[in-house]
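Visitor: I am new to this structure. Please show me how to read its features.

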Amino acid sequence: MMMHRRDCLSSLILLHQQSFPLAFPTSTLAYDDKRNETVSAAQKIAAVIQQQQEVQDSSSNVVITLPLERCSGGTNCVRVTISYDPIASRFDSSLLYVPTKVFKLAVDTGSPYLVISDGFEFASYVEEVYSSSRDDNDDNEKKDFENIGNKNKFYNKKNNNVLQKNIASSMWMKQLSFLLEPEMNFDLAQDSGYPPTIDIYGSQSGTIAWKKSQVRTASSIHGLSTNNIVFGILDETLAQESGGSLFGLIKHVNDDPRSTQDKVQLRPTLLQQLSTNDGEGAIASFSIDSPNRLLTLSTESLLANVSDNVMPLVDLRFYGDFVDHYAVQVLSLEFGYGKIITGSDIAQRMGSSGTTRTAHERPIVAVLDTGLTGCLISNDLWQLLDKEEKQVDSLSISVKTVQMMPSNHHGNDDKDSTSSSCPPFVFHAKYNPSDNPFFNLGPIKLDWFDNEETCPFVIVLGQAFLNQGKLTIDIEDRRARFSSTTVLASSGMS
């Protein structure tokens with residue numbers, strides 16, 4: 001039975017899958033020589049940062065740095081490789097062909113799931129793998145086969161023909177034999193155990209099928225690998241509305257049936273399922289460095305030794321939100337022409353409209369969403385803004401910070417202070433056709449909460465704000481930080 005469920009704001013992303021320059025290849029793919037210089041530079045950047053983190057972190061911590069690529073709307077994408085059902089060879093019982101697709105997924109702090117848009121893949125190819133029963137004496141031949149399967153056999157998704165590359169003349173018989181193998185179809189027969197759901201992305205309703213397979217990422221040093229990741233496949237309607245595939249970084253959901261059972265049928269989130277290659281543990285913290293295009297995943301806190309500009313996260317699940325959106329408390333908004341409004345001002349506007357609700361009953365929160373382009377304001381707050389406030393070309397949002405006691409261990413023993421010595425942190429964005437063309441304000445109707453009379457007002461900050469620096473989230477310790485970062489000039493990133 002298909003159930004209706006809500007999804008996140010990523011449906012409003014201005015992202016279109018297209019052929020971007022290949023800057024960070026999965027190791028099994030072969031690319032043109034003209035890209036090698038870019039690849040090498042980018043991998044060196046990731047390697048340097050990874051080595052620095054490994055020195056700083058305890059031996060029990062695992063820190064993984066993944067390269068990102070810039071996509072439309074100012075978003076960042078990570079490459080993910082998904083393996084489809086293997087196909088047995090007609091000529092060698094120990095040989096299996098594994099059809100594989102590479103997707104570019106928008107890194108999305110506003111979504112809990114990994115979802116792909118089949119047909120929007122960046123590339124597809126075939127790997128050759130052998131069962132353990134194959135004679136060890138055939139290792140050299142096995143390597144030759146793998147070299148063909150991994151580098152010289154690509155499928156054209158339009159007509160399923162094999163595209164041949166130049167290979168050594170001694171390999172032509174093996175290459176010819178591949179043409180006589182069964183048709184390489186991209187199927188996922190493994191049952192995830194979850195029925196399809198009917199989802200609403202933006203204003204469009206469609207179906208998501210839930211599958212299970214191996215999901216891999218690429219990195220110059222470390223990577224993630226899992227054979228049983230549950231992920232969603234969007235139908236054509238949702239694929240068009242969402243703009244493509246998503247790499248969701250919300251880890252926790254609302255398990256309280258009083259808040260979620262009538263609203264959404266939950267699935268395993270991506271971060272609940274991911275583990276490191278060496279099995280050291282689950283992801284507890286992450287950072288997205290947009291200027292340098294790096295995604296860092298860590299099994300321990302990335303903010304353990306940071307004391308300034310730390311923003312405590314507000315748990316919106318208390319109000320009925322179906323997932324744990326990364327939200328911070330807003331103290332004031334400053335519009336482009338110098339006007340500042342606070343929660344008290346909003347309360348007065350509400351009072352003038354005949355309500356008795358106070359600002360304390362309706363806090364204002366900012367949700368940090370890297371899968372969104374501009375800035376969205378919940379309908380109830382949008383209706384309280386005047387015409388000039390809705391048409392500004394810049395916006396500054398002051399949010400609450402606390403002073404943290406540096407800690408050298410992972411846990412919740414940190415002490416915070418809310419004294420006046422902790423100035424607010426200010427997110428700022430201004431429209432600029434060359435530097436920041438993504439800034440825009442607009443309303444959004446949200447159905448996240450149980451009680452619309454007492455729930456917070458919501459402002460969703462997208463990449464118009466977040467692409468200017470590094471966003472770090474400590475998931476388990478419930479804190480965030482946004483900081484400027486030095487752009488590595490030799491990154492070679494486009």
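Visitor: Which residues form a nonpolar patch on the surface?

Guide: Nonpolar side chains (Val, Leu, Ile, Met, Phe, Trp, Tyr) are joined within 5 Å, like charges within 9 Å. Here Phe 91, Leu 176, Leu 179 and Leu 180 make up the patch. Together they have about 410 Å² of accessible area, by the Shrake-Rupley method with a 1.4 Å probe, where for residues only the protein chains shown count as cover. Leu 179 lies in helix 3, residues 172-179.

Visitor: What kind of model is this, and how is it numbered?

Guide: The model is predicted: local features need pLDDT of at least 70, side-chain atom pairs count only at pLDDT 80 or more, and totals for chains, interfaces and linings use all residues. Residues are numbered from 1 along each chain as its sequence is written, and side-chain values use heavy atoms, leaving out hydrogens and water.

Visitor: How many helices and strands are in the chain?

Guide: Both are DSSP runs, numbered from the N terminus: helices (H or I, at least four residues) and strands (E, at least two). The chain has 10 helices and 29 strands. Phe 286 sits in strand 15, residues 285-289.

Visitor: Is Phe 286 buried or exposed?

Guide: Buried means under 20% relative accessible area, exposed over 50%, partly exposed in between (1.4 Å probe, protein chains only). Phe 286 is buried, at 0%. Of the chain's 494 residues, 54% count as buried.

Visitor: What does Phe 286 touch?

Guide: Contact means heavy atoms within 4.5 Å. Not counting residues up to four places away in sequence, Phe 286 touches residues including Thr 109, Leu 249 and Ile 475.

Conventions: Patches are made of residues with over 30% relative accessible area and no salt bridge: like charges are joined within 9 Å, nonpolar side chains (Val, Leu, Ile, Met, Phe, Trp, Tyr) within 5 Å. A salt bridge is a side-chain nitrogen of Lys or Arg within 4 Å of a carboxyl oxygen of Asp or Glu.
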